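Reader: I'd like to go through this structure with you piece by piece. Could you show it first?

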Amino acid sequence: MSQLLVEKYSIRLYGNCSVGVKEGVVKTALDFVPAATVLGAAASAYLLYACDKNASCYTCSAQCPLRCVWDALRQRHLAISHFVPASPQGGDPLKEHFLYWFQLGKRAPRKSVHAHVAINRAAKSVQQMIAAGSGSGAELRGLLYGDEVWAPPSNEFYGFLVAGSEDVLAAAREVMGFLDLAQLGSRSKYCFVELTGREKLAGVDAFLEELKESWNKDAPLTAAGGLALASNEVQQSLLQAGSVKLRVVDVKRMMQHSHPGDRYVSLYKLLLGDAERIYVSTLDALPILRGDLYLPKWSLTGVPCLKLSPLGWNRLVPLSWVRKYAQAR
Amino acid sequence: MLWYERLSSLVVALYELRTVSHVRVGSGENVKLPTPIDNPQTRILRLEPGKAEGKWIVYIPASSLHGVLRSALEDYLRTQLDAISTVGSVKNSCSGSVKSSIDKYSSSIPGFDELPLYREVCYTTLLFDNCQVPPPDKDKEHYLVNVVRRRSHSGHHLPCFVCQLFGAAGLRGRVRILNAYPSKETMETLPLDVITRVGINRVTGAAEEGRLFDLEAIPPGAVFYFFVVINNACENVKLHCDAQDPQKCREEEEERRKHYKERLGVDRDLNYIALFEKSIELVSKGLVPIGAHGTVGFGNVEIAELARFEVCGEEGARKFTRILAKRMDSKESEIKSELREFLRSRRAEIPEFDPNLYPWLARALAELARSKAAESQQGGAGG
């Protein structure tokens with residue numbers, strides 16, 4: 001990437017919206033909207049509403065904006081951040097975005113639980129199922145379940161698209177324009193998305209300079225962004241101030257058609273506590289704000305080279321910088 | 001099976017829901033709401049901008065509306081169309097998972113064997129009969145394709161009419177519904193009735209001890225507004241195929257379509273918007289109550305369409321979505337004036353909505369309908 005073009009996107013969700021995972025009978029909501037979810041929703045809406053080719057994307061040879069976005073993501077010329085809740089205090093959106101991950105748990109969006117119960121179409125009553133036993137000893141249980149949803153206006157999120165060229169950014173802009181018609185998250189037939197803002201971000205170079213000043217080889221790092229889609233990966237306590245040593249315990253293999261041999265590492269996995277710990281100071285300093293991140297000397301699991309996904313825009317940033325910014329706020 | 005990979009039509013509509021009896025949609029026992037009532041009405045939390053605290057707004061969840069509209073259409077189809085068979089008569093031609101599922105229901109629900117089975121509508125909560133895409137096993141596939149004959153031209157499973165519209169396991173529905181909220185003006189002032197009830201002992205005829213309870217309900221006369229988007233709404237409903245020969249099947253289709261239109265009382269084409277409008281009409285006539293206590297007079301509502309964007313035809317659909325997709329690059333007034341050609345306004349009075357609760361498209365639809373009504377009033381006055 002010769003240049004970095006950063007564009008900020010803001011979205012607002014309407015209805016009972018969430019992106020989450022099922023835990024028992026309640027589907028819990030994440031504290032942010034994963035980049036893959038936003039991109040997937042926009043791409044799906046683009047395919048339905050704008051694409052007039054009667055072919056699967058895998059076999060279609062047309063050069064459309066969506067194809068351009070996929071290619072740019074594969075080549076690491078485009079990165080999309082997770083969408084985090086809009087900061088009520090305002091402030092620099094880029095810095096606030098980085099700080100959000102440091103303060104995960106403290107700045108969670110307000111949520112409420114909505115209970116549902118299934119109605120049996122034949123009996124016209126609450127659907128019941130036989131949970132255990134049979135005959136007179138059978139236990140009948142209602143099919144009750146709940147969704148944790150973001151409470152308005154906690155349903156306002158923002159994130160960034162980082163591109164290496166204007167062409168790529170324009171293609172991504174066109175795809176993201178379909179967010180108004182997109183279905184996003186779980187139970188999306190009851191959820192509507194609105195693209196509320198799009199602006200080019202100025203001052204990115206100054207921000208990078210500021211980060212570099214805080215950067216040195218032995219500096220402890222903290223995570224910004226991540227691949228987590230399951231809440232059990234989110235170890236909020238480890239992200240609080242005071243417990244910021246990064247620990248590597250696991251590598252998550254992800255399937256991707258274009259890179260079948262690649263391994264991706266989840267920063268949330270890095271943060272899990274375990275007996276097998278190594279500190280981040282053994283890692284080389286990473287280039288910041290670029291999609292093609294490598295950790296070349298890391299060999300705990302025999303993996304010669306790790307790439308971080310441009311989806312989610314995983315970053316490690318100097319802890320000292322985050323603390324400094326948090327104090328300044 | 002590729003279902004609707006392209007958009008050929010779209011309906012975006014705004015509806016008014018007026019309660020004509022008490023309506024109660026409960027929140028569940030373990031949801032903490034700011035009320036001392038035993039059985040509270042469900043509310044949605046709306047935070048004050050920039051603050052941690054907020055107000056709990058009374059609303060009707062989209063999932064309740066979706067369920068009731070779907071259920072009304074299911075009932076209507078079962079009433080108007082002929083059953084293909086009964087559970088008891090097909091039981092022996094089923095095997096494996098389907099047979100064991102039928103046996104389980106038969107042993108727990110009295111008279112289950114007489115339950116009629118339909119080709120055009122499934123029972124979504126009966127595991128052996130509900131549409132699933134793709135069918136989970138060979139037994140279920142055999143049941144769906146050969147026993148209840150929900151078969152496509154190609155001989156594969158084609159979901160029932162209701163699942164084609166509202167969706168099934170593995171098949172996304174065409175209908176998207178937003179929660180029904182009160183208008184901005186009445187949002188914080190809408191009162192709730194508290195109704196106290198007691199269980200009566202059938203032997204003594206007196207109040208039973210410990211059976212006193214109270215419940216919250218939306219009173220009659222309350223007005224809510226909800227927003228609906230239906231993808232490919234003007235597309236014809238896909239009919240099931242009887243004959244083994246696809247050519248013959250197509251030849252018979254016109255005749256069968258006519259038969260369905262007569263039976264279902266559909267004047268125009270038998271398409272998805274016609275089925276959706278039928279379900280709105282049924283709920284509006286009080287045939288299916290919304291929420292709890294439907295057997296004791298609760299849940300009757302009237303639903304009226306206020307305005308809609310109607311986009312039929314691929315060219316129109318493309319134009320409509322292109323206008324929306326460039327919203328960030330154009331002035332809002334320009335976008336709205338371009339959307340006017342798709343507007344079909346039915347009612348003049350549309351109140352202001354809370355912009356935090358309704359998406360841009362719903363707000364734009366309401367605003368355009370209001371301005372069109374104002375223009376026609378001015379024109380009328382001038383004339």
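Author: What follows is a talk through parts of this structure, which is a predicted model.

Reader: Let's start with chain B. How many helices and strands are there in chain B?

Author: Chain B holds 10 helices and 11 strands, and its C-alpha atoms fill a box of roughly 70 × 65 × 45 Å along the principal axes.

Reader: And what percentage of the residues in chain B is buried?

Author: Of the 383 residues in chain B, 39% are buried. As for contacts in chain B between residues at least 6 apart in sequence, 74% of them join residues at least 24 apart.

Reader: At what angle do helix 1 and helix 7 of chain B pack?

Author: Helix 1 of chain B, residues 62–80, and helix 7 of chain B, residues 272–284, pack at about 95 degrees, and their axes are 8 Å apart. Because angles of 65 to 115 degrees count as roughly perpendicular, that description applies to helix 1 and helix 7 of chain B.

Reader: Which residues meet there?

Author: From helix 1 of chain B come B:Val68, B:Leu69, B:Ala72, B:Leu73 and B:Tyr76, and they meet residues of helix 7 of chain B that include B:Leu275, B:Ile280, B:Leu282 and B:Val283. The residues of this contact divide into 9 nonpolar, 1 polar and 1 charged.

Reader: Changing topic, which residues touch the most other members of the largest nonpolar core?

Author: That core has 159 residues, and A:Ala42, A:Phe178, B:Phe226 and B:Leu365 touch the most other members. Helix 1 of chain A, residues 35–49, gives the most to this core, with 10 residues.

Reader: What is B:Phe226 in contact with, leaving aside its neighbours within four places in sequence?

Author: With those neighbours left aside, the contacts of B:Phe226 are B:Tyr15, B:Leu17, B:Leu65, B:Ile177, B:Leu178, B:Asn179 and B:Ala180.

Reader: Back to helix 1 of chain A, where A:Leu47 has its place. Is A:Leu47 exposed, partly exposed or buried?

Author: A:Leu47 is partly exposed, because 19 other C-beta atoms lie within 10 Å, while a residue is buried if there are 20 or more. The C-alpha atoms of A:Leu47 and A:Phe178 are separated by 9.5 Å, although these residues are 131 apart along the chain.

Reader: Last one, how is chain A divided into domains?

Author: Domain 1 of chain A covers 5–110 + 151–328 and domain 2 covers 112–149. Between them, 11 residues of domain 1 are in contact with 9 residues of domain 2. On the domain 1 side, strand 3 of chain A, residues 26–29, gives the most, with 4 residues, and the residues of that side divide into 5 nonpolar, 4 polar and 2 charged.

Technical notes
Residues numbered from 1 in each chain as written. Chains lettered and ligands numbered in written order. Predicted model: local features only at pLDDT ≥ 70, side-chain atom pairs only at ≥ 80, totals over all residues. Axes fitted to C-alpha atoms, helices over the stretch in contact; angles between N-to-C directions. Helix = DSSP H or I, 4+ residues; strand = E, 2+ residues; numbered from the N terminus. Parallel < 35°, antiparallel > 145°, perpendicular 65-115°, else oblique. Contact = placed C-beta atoms within 7 Å. Nonpolar A, V, L, I, M, F, W, Y, C, P; charged D, E, K, R; others polar. Core = buried A, V, L, I, M, F, W, Y, C linked by C-beta atoms within 7 Å. Buried ≥ 20, exposed ≤ 12 C-beta atoms within 10 Å, placed from the backbone. Domains from an automatic or database assignment.
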